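This briefing goes through one protein model by topic. Please keep the sequence and the structure in view while reading.

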Amino acid sequence: MIKTLCPRDYSEAIYVGHFFRTGTPVVMDLTKLPDSEAKQFVDFAAGLVFGRGGNMDRLSPKVFLLMPRGMAERSSAAHEAH
């Protein structure tokens with residue numbers, strides 16, 4: 001399962017952290033946020049991913065995939081098998 005979140009303001013960063021820490025990959029869709037708030041989310045997510053040993057990929061200019069530790073390795077292995 002992948003959780004898609006479309007936050008409307010920075011106070012919703014708690015949900016990104018919650019799902020990521022429970023091992024759920026998160027798609028963070030920041031298209032509804034002004035650039036300044038979107039940057040805050042990206043900074044938060046980068047710290048979260050770095051601190052928890054995960055991975056973050058940009059899917060489009062304001063959409064990001066956060067993969068928890070272990071999920072990134074499985075994703076890479078599956079990708080290499082094809």
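Rings of Phe, Tyr and Trp (its six-membered ring) count as a pair if their centres lie within 6.5 Å, and planes over 60 degrees apart make such a pair edge-to-face. By that criterion the structure, a predicted model, holds one aromatic pair. The protein chain has an average pLDDT of 89, and 87% of the residues score at least 70.

**Aromatic pair**

- The ring centres of Y10 and F41 are 5.3 Å apart and the planes stand at 70°, so the pair is edge-to-face.
- The two residues are 31 residues apart, and the pair links distant parts of the chain.
- Y10 sits in the loop between β1 (3-5) and α1 (13-21), whereas F41 belongs to helix α2 (residues 35-52).
- Y10 has 34% relative accessibility and therefore counts as partly exposed.
- F41, at 0% relative accessibility, counts as buried.

**Sheet**

- Four strands make up an open sheet with mixed pairing, in the order β1-β2-β4-β3.
- The edges are β1 and β3 (55-60); each has a single partner strand, so one side of each is left without a neighbour in the sheet.
- From one strand to the next, the twist averages 20°.
- Four bridges join β2 and β4, which pair in the antiparallel sense.
- M28 has F64 in β4 as its bridge partner.
- Helix α2 packs on the sheet and touches β2, β3 and β4.
- The direction of α2 makes about 145° with that of β3.

**Nonpolar core**

- In soluble globular proteins, nonpolar side chains tend to be buried together.
- Here the largest nonpolar core has 15 residues, of which V16, F20, V26, M28, L30, F41 and L66 touch the most other members.
- At least two residues of this core come from each of α1, β2 (26-29), α2 and β4 (63-67).
- Helix α2 gives the largest share, five residues.
- Which residues does M28 touch, not counting residues up to four places away in sequence? They are L5, V16, F41, V42, A45, K62, V63, F64 and L66.

**F20 and R21 in helix α1**

- F20 is a residue of helix α1, and its 2% relative accessibility is why it counts as buried.
- Setting aside residues up to four places away in sequence, F20 touches V26, L48, V49, R52, G54, L66, M67 and P68.
- Between F20 and G54, which are 34 residues apart along the chain, the C-alpha separation is 9.1 Å.
- R21 also lies in helix α1; at 47% relative accessibility, R21 counts as partly exposed.
- Beyond its neighbours within four places in sequence, R21 is in contact with L48 and R52.
- L48 and R52 are listed as contacts of F20 and of R21.

- Over residues 75-82, pLDDT stays under 50.
- For residues 75-82 the model has one contact beyond four places in sequence.

Technical notes: Residues are numbered from 1 along each chain as its sequence is written. This is a predicted model: local features need pLDDT of at least 70, side-chain atom pairs count only at pLDDT 80 or more; totals for chains, interfaces and linings use all residues. Side-chain values use heavy atoms; hydrogens and water are left out. Rings of Phe, Tyr and Trp (its six-membered ring) pair if their centres lie within 6.5 Å; planes under 30 degrees apart count as stacked, over 60 as edge-to-face and the rest as tilted. Buried means under 20% relative accessible area, exposed over 50%, partly exposed in between (1.4 Å probe, protein chains only). Contact means heavy atoms within 4.5 Å. pLDDT is the predictor's confidence in each residue, from 0 to 100. A nonpolar core is a set of buried Ala, Val, Leu, Ile, Met, Phe, Trp, Tyr and Cys residues joined through side-chain atoms within 4.5 Å. Two strands pair if DSSP finds at least two bridges between them. Axes are lines fitted to C-alpha atoms, for helices over the stretch in contact, and angles run from 0 to 180 degrees between N-to-C directions.
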